[in-house]
Amino acid sequence: MEDADSPPPPGRTIDIELGGQEIITIELDSLDPNPDDLVEVLREGQCKVWIWTRLAAEYWRRGLLEAAEKIARTALDVLQPNETTGSIAPVYSFLANLQIARASKAPKLILTYAAQDNMTTEKPRDEYNKEAAQLFNTGERATAESGESQMMLSVLTRGILQLSSGQWDDAARTFDSVLAEKPTNVVALLGKAKIAYARRQYPQSLKLFQRVLQLNPDCLPDPRIGIGLCFWSMGHKAKAKAAWQRSVEVNPGEWSAQLLLGLEAINASKDDNQSEEERREEFLVGTRLIERAFNANQRNSAAANALCELFLQKGDTRRALKLAERTIQFADVKGILCDGYIRAGRVCHRQGSLQEAGTHFNKAKDARPDSVLATIGVAQLQLKNDEMAGAIHTLDTFLQSPSNPDSVQLTAMLASIRAHSRPGMTEAEKTDEKTRARDLFDRVCKAIGITATGQMNGHSSAPSSSSRKLAEDSDMFIEIAKLYREDSHDRMERAYKQALTSCEAAGKTEPRLVNNLGALQHLAGHLDEARTMYETAVTQAAGLDQSVAEAMSTSILYNLARVYEDQGEDAKARDAYEKLLARHPEYVDGKVRQAHMLAGISQYNDAHELLKQALASQPDNLNLRAYYTYFLMQSNMTKFAKDFVFFTLRDFDKYDVYSLCAAGWIQYYQARELRESSPEAIKERRRGFQRSAEFYEKALQIDPLCAVAAQGLAIVVAEDALGTLGGALGPIAPDEAQKRAKNTREALDIFAKVRESINDGSVHANMGHCYFARGEYDRAIESYETASKRFFKGQDVSVLLCLCRTWNAKGAKDQSFSAMSTALQYAQKALHLQPHDKAILYNIAMIQQKAAEIMIAIPSAKRSLKDLQRAIEQAGHAQKLFASLAADPAPVVPYNRELADQRRKYGESMLRRCEGELTTQRQYEEEAQKKIEAARQRRQEERERVDAAEREERERLRVQNEKLAEERRIAREEAQKWTREVRQMESEEEREKVKKKRPKREPNLSGDEGANGGGEPKPKKRRGGKLKRNTESGAEDEDEALFSDSEQKPKKPRARGQKRAVRDDDDDEAVAVSAPRKKQYKSKETISDSDEEMD
């Protein structure tokens, strides 16, 4: 049986009866945004509930929520006195759904401390949900008080309210009750699908979404979005992408599919299997889609979250912070909320707002305690605040929790922190921390697939992106090498090799690693391997930028010179030191090694002079003072050595271990060499031995691993210097033999340990000269220019002359006048700094003459008249210089006068040919100019011809298009005429069906039928707008359209004879409308934005 309040069939107009005789037709497609006039009409017409809700729904569909709410609340005021309380329940349900829709657009959390996205003036989502619940409960009470049965709209509203509040179990039971009565209810099916997806029941959710798509292909929200999400979660990413692309095609204005496709493109841009161009294109496509989705819905947390990351990568911290705060305030799931806090923390960290950054990172950990990035952020801030112990506690707590994921990044970070000592740590604590750091690094290496031998262990599954990045992190392996520096050179070498492998895999050269490996080989006594590595390091350093390579190559060259020394190639070592000191005269270590080699060939005075120069430049250099002490002792200047050592301990560093050991050795040496046998002399010797032992003991107290001090004490013990010294310091005791045996055993134990601690080794080259010798003039020029600009500020004459020489050689090789001009400029700069240097004048003349010779020799097509004239002018100037230099009366000149005179004569013969060359060049350029003018004229004529042809073609196309447009207009008018005729025939057939079926229905059950079937005349319609006859068929479809997900499409007109031959779902539904049906409701707005939990 049909309800009296059932709405008419769906359409784009609604008829309202006024005064019993007038009917006003409301055009739904042209509603006034201000509903006041419409409300007055509804009041006057005493309209039914469904009319109020239908019009309110139309305003809602247009996005005019305030107008929709005004109509609904007016309906309550108007209908409550006249209608039963149960009949107005749909209005309460409508208002509840309206508040739910507002809740979906409202912030879930309002940040009171937001710096960019302040939303303190808006209502939070919970308040809207509370209002929705209150309205719904009021409607439920009204229905219960009236004793009427609960309408399906109310049941659906309850389910939607429960779903938006996160009450999944209750919502599932509510939707199940709806589906038990009507299995094809789209709203209930969508709700069930969302709940299944939220519970990770992806196959069940997929089936439900597909069922919705079958029932209503135009449903909004688009079930294709849910289908794609299910496919993605099940690993079918291609199918998911296809579903989202289809959604964009069907609903180009919806943002959800664009956002998901944008995120998919961003993820695809990180695929290492794609080319760089493909990855860049994917990234650009993803960026555009995400921006478009955010512009369509700026209150979506997922779009804001993705866009925030893009702005972070661009360095736009202001916009990134605003988007991060937007993400936090509108996030529905903990994952996105955590991401928002993390990105806000990153922005604040970058801006230096450490307190705000810490707040955000801690909030992220509260949202998701298992978040690796949040834990890293908290630990980084603790390190920034010098809270190393707190950072260790944070990382250790996370890694030890069994519920948290194993993170190789956190393990590596914790290992790196433990590898560094902290203030206040004892030696035992430092050793313990170092051991823990080693164990953690071993776990990291095992996780990224590297064995203890430094080789890849061949994981069965592909390593993750984070594991690959750690495997490419050379700094981590360098840190591992430093941990084993004092304990295992073998492990240290393996770590350095792995670091070098990582650098080579990344396409980088790291001469310092090669140098370190060479130093390890040198210390191990493998001199040939060390030399090879030093030479490789020098070659690699030569290929780097000079600003980086200068200091690096200095150390490497020093190491190479040391290995030359150890191999006995003193000439190469001496040459290397000379080159090193020529480039860096202040390099003290080079002077020390050079003095050591001079002392080795008994040139002590020269060596002494070098050491004095070094001490004058760096008097507080303890290493230099230590070697000078050694030199004085080796030169048998013990007294000077003793005074120098005590001066070092008194005025520079009383805890210097080397000086203490040297003082102990000098005291022991002087006491042993004191041969007098008088009592005073014996006392002096005893006092000397005693002081020697005290110095050694003090050195060992400062450095327990000092091999020299241990060796000195061993000598003292072995020779019984603190006893009788074999009878020299007193009578021999009866147990002297046993005592000597004991002392020697103790000394042997010390010597055995000292033997394991003594080791020794080093290389360098000149980048600019090497490049010049190899003929690589461009790289030589780059090196010389870097040296001149960065180190000598363009004031070093030798470097300027090197640049002049290189450009001159390049110009001669390439036959380039511009290169010769550059060489001339550098020579003139050098002459400006040294105006009396005649060698520079000779070079200037040579360059000018050579430039003219090049210009005369090259063909006319490769030169210009202007350059030729300038070269000839410079050649004339060179003639004057050669004549002046050849006639110079000075007794000694830095050039050959005869050669200068020969150059003058050669220049005269060359200048005699210049006039002919000028004439030839002028003729060539005049002919070339004529050819250019002729070609330009031909091009202009051709361009005019083409333009004329294009104008003619455009005119022809215009005429043709006008003709086609007229033909289409005529065809369209005929089609519209035919369509109207067919619709008129179909309407007549429908009216015939209604007349046949009307006697079978019980009278007075429908209010509208009773009015017209009682013999009363039909009311006349007032033509205030477009008037149409109100039809009775399809009344229930009007109620269904109240919350339908999409507007009903007009049915295609079909001839009478075809209606029985071809029937589809639409035909069945059209026939079923006139049959009695209880209730049928669909809802679009109540769930259109309630799927945030699924994101």
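Ser602 sits in the loop between α29 (588-600) and α30 (604-617). Helices here are DSSP runs of H or I with at least four residues, strands are runs of E with at least two, and both are numbered from the N terminus. Ser602 has a positive phi of about 70°, although Ser602 is not a glycine. This is a predicted model, so local features need pLDDT of at least 70 and side-chain atom pairs count only at pLDDT 80 or more, while totals for chains, interfaces and linings use all residues. Residues are numbered from 1 along each chain as its sequence is written, and side-chain values use heavy atoms, with hydrogens and water left out.

**The whole protein**

- The secondary structure comes to 48 helices and two strands.
- Of the 1095 residues in the protein, 44% are buried; buried means under 20% relative accessible area, exposed means over 50%, and partly exposed is in between (1.4 Å probe, protein chains only).
- The protein exposes about 58900 Å², and carbon and sulfur atoms supply 50% of that area. Accessible areas come from the Shrake-Rupley method with a 1.4 Å probe, and for residues only the protein chains shown count as cover.

**Backbone details**

- Most residues other than glycine have a negative phi, and most peptide bonds are trans.
- Arg200 has a positive phi of about 65° and is not a glycine. Arg200 lies in the loop between α8 (186-198) and α9, and it counts as exposed because its relative accessibility is 64%.
- Leu220 and Pro221 are joined by a cis peptide bond, with omega about 5°. Look for Pro221 in the loop between α9 (202-215) and α10 (223-233).

**Aromatic pairs**

- A pair of aromatic rings is described by the distance of the centres and the angle of the planes.
- A search of the whole structure finds eleven aromatic pairs. Rings of Phe, Tyr and Trp (its six-membered ring) pair if their centres lie within 6.5 Å; planes under 30 degrees apart count as stacked, over 60 as edge-to-face and the rest as tilted.
- The Trp60 and Phe94 rings have centres 5.4 Å apart and planes at 85°, so this pair is edge-to-face. The pair links distant parts of the chain, with Trp60 in helix α2 (residues 49-61) and Phe94 in helix α4 (residues 89-105), 34 residues apart. Trp60 and Phe94 are both buried.
- For Tyr558 and Tyr577, the ring centres are 6.2 Å apart and the planes are at 55°, so the pair is tilted. Tyr558 lies in helix α27 (residues 546-566) and Tyr577 in helix α28 (residues 570-583), so the pair ties together parts that are 19 residues apart in sequence.
- Tyr558 counts as buried because its relative accessibility is 13%, and Tyr577 counts as buried because its value is 1%.
- Ring pairs link Tyr558, Tyr577 and Tyr587 into a cluster.

**Acidic residues**

- Asp32, Asp37, Glu40 and Glu44 form a negative surface patch. Patches are made of residues with over 30% relative accessible area and no salt bridge, with like charges joined within 9 Å and nonpolar side chains (Val, Leu, Ile, Met, Phe, Trp, Tyr) within 5 Å. A salt bridge is a side-chain nitrogen of Lys or Arg within 4 Å of a carboxyl oxygen of Asp or Glu.
- Glu291 belongs to helix α13 (residues 276-296) and is partly exposed, with a relative accessible area of 29%. The C-alpha atoms of Glu291 and Trp255 are separated by 10.0 Å, and these residues are 36 residues apart along the chain.

Technical notes
Lys, Arg positive; Asp, Glu negative; His and termini not counted. Charge placed at Lys NZ, Arg CZ, Asp CG, Glu CD.
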